[in-house]
Amino acid sequence: MKRIGIMILLACLIMTGCAFFPNQEKPPAQTAPCTVEMLDVGQGLCILVQMDGEYLLYDGGGRETSSYVVRHLRDLGIRELNYMIASHYDEDHISGLVGVLSAFEVGHVLAPDYEADTKIFRSFHEKVLECGLEPDSPDPGSSFPLGSGEILILGPEQYDDPVENNRSIAVMLSYGAFRCLITGDAEQQEEANLVVSGRDLSADLYVAGHHGSASASTPAFIRSVSPRYVFFSCGEGNAYGHPSAKTLQTVQDAGAEIFRTDRQGGVTAYSDGTQTWFSVDPCQDWSPGNPLPAASSAAGGYVLNKRSMRFHRPDCDSVRQMSPSNREDSKATREELIAQGYRPCGACNP
Ligand SMILES: [Zn+2]
Ligand SMILES: [Zn+2]
């Protein structure tokens, strides 16, 4: 009976002009049982994962692309997301999730266990509760099924790192032998913790942490991941210079191929659990994002975070995200600040 059913299905497909394996053994994209799509959300992150028709949305990009994300998911015929993960509460990761929560059924929300003193955090949190959902802050080692695949939580160890980026929920997605690592905006501290954890970090596809910033994807971490392919989600001409020359070099030294939204727009990886292929060819442009505008560094001085006791260059990512109550501008020298107990930010190397 089953065999007859399959034969009828095949006959129908051939009659309508499509077949499972057109030229080679690679199945066409639309039949891939596992897809990892990096949406082009400019300077932000939004990754849609599909396994056997079940969906996970990891981050939703920033405000400007929020309606695009909703429209794109609708165009794919999605009605329900089995899982939503908010890596951490920066605007470029969670703004889009608010719109998605309003438009789609969501099964489970995984989000880090801390509160941010920002408007966007409050609207995200309120929207989750409004949808009758209870956000879950998973511990490393816990796992969730997605189709016949798995979402394994790798980090963070604790949600208390002074740098919010290092509280990003890091996941290993697996489908058959295919493995994909996503670390949100994790920087070197969380990466070091992941390496020390002793968990298997090896992955076919690695979504570069913190948009390819120099503060992430350290050589030691990349050695543990040993990726064949690397995704970079960053805005064309972004002010931070993502992806950084340093990270591109590390990835190139590892022998990986790259895909980047600032040059190629959205990119999808397809897998049948054995082979992996992509919607576009790997990017041949290994040039870093535009350098930081001279004007912002010319402003001089440093910005202090009185809570984390770090000091930053005024154009650092962290400054934009800093709560005004923790911020203080200083004209003191680097040495003076260190003497006062401040540490230089690892990201902007002031
Ligand atoms: Zn961040
Ligand atoms: Zn970010």
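Donors are N, O and S atoms within 2.8 Å of the metal. The model is predicted.

**Stop 1: the bridge**

Select D185. This residue bridges the zinc ion (ligand 1) and the zinc ion (ligand 2). The two ions lie 3.9 Å apart. Now find D90 as well. D90 sits in the loop between β4 (80-85) and α3, while D185 sits in the loop between β9 and α5, so the pair ties together parts that are 95 residues apart in sequence. Is D185 buried or exposed? At 0% relative accessibility, D185 counts as buried. D90 counts as buried too, at 5% relative accessibility.

**Stop 2: the zinc ion (ligand 1)**

Centre the view on the zinc ion (ligand 1). Which residues supply its protein donors? They are H88 (NE2), D90 (OD), N165 (OD1) and D185 (OD). These donors lie 1.9 to 2.3 Å from the ion. Along the chain, their spacing reads H-x1-D-x74-N-x19-D. Check the geometry next. The angles among the 4 donor atoms run from 86 to 142°, and the site is irregular.

**Stop 3: the zinc ion (ligand 2)**

Move across to the zinc ion (ligand 2). Show D92 (OD), H93 (NE2), D185 (OD) and H211 (NE2), which coordinate the zinc ion (ligand 2) at 2.1 to 2.3 Å. The spacing of these donors along the chain is D-H-x91-D-x25-H. Select H93 and D185 together. H93 lies in helix α3 (residues 91-103) and D185 in the loop between β9 (178-182) and α5 (188-196), so this pair ties together parts that are 92 residues apart in sequence. H93 counts as buried, at 0% relative accessibility.

**Stop 4: two positive phi values**

Most residues other than glycine have a negative phi. Stay with H211. Its phi is near 60°, a positive value in a residue other than glycine. H211 lies in the loop between β10 (205-207) and α6 (219-225). At 3% relative accessibility, H211 counts as buried. Now select S217. What is the phi of S217? The value is positive, about 55°, although S217 is not a glycine. S217 lies in the loop between β10 and α6. With 1% relative accessibility, S217 counts as buried.

**Stop 5: a pair of helices**

Show α3 and helix α4 (residues 119-130). Two packed helices are described by the angle between their axes and the distance between the axes. Here α3 and α4 pack at an angle of about 30°, and their axes are 9 Å apart. That makes α3 roughly parallel to α4. The crossing of these helices is left-handed.

**Stop 6: two cis peptide bonds**

Most peptide bonds are trans. Zoom in on G155 and P156. The peptide bond from G155 to P156 is cis, with omega near 5°. P156 is in the loop between β7 (149-155) and β8 (170-175). Finish at H242 and P243. Their peptide bond, from H242 to P243, is cis, with omega near -5°. Where is P243? P243 has its place in the loop between β11 (229-232) and α7 (245-253).

Terms used
Residues numbered from 1 in each chain as written. Chains lettered and ligands numbered in written order. Predicted model: local features only at pLDDT ≥ 70, side-chain atom pairs only at ≥ 80, totals over all residues. Heavy atoms only, no water. Donors = N, O, S within 2.8 Å, 3.2 Å for Na, K, Ca; no water. Helix = DSSP H or I, 4+ residues; strand = E, 2+ residues; numbered from the N terminus. Buried < 20%, exposed > 50% of the residue type's maximum accessible area, 1.4 Å probe, protein only. Axes fitted to C-alpha atoms, helices over the stretch in contact; angles between N-to-C directions. Parallel < 35°, antiparallel > 145°, perpendicular 65-115°, else oblique. Left-handed = near helix turned anticlockwise from the far one by under 90°. Tetrahedral: all angles 85-135°; square planar, octahedral: opposite > 155°, others 65-115°.
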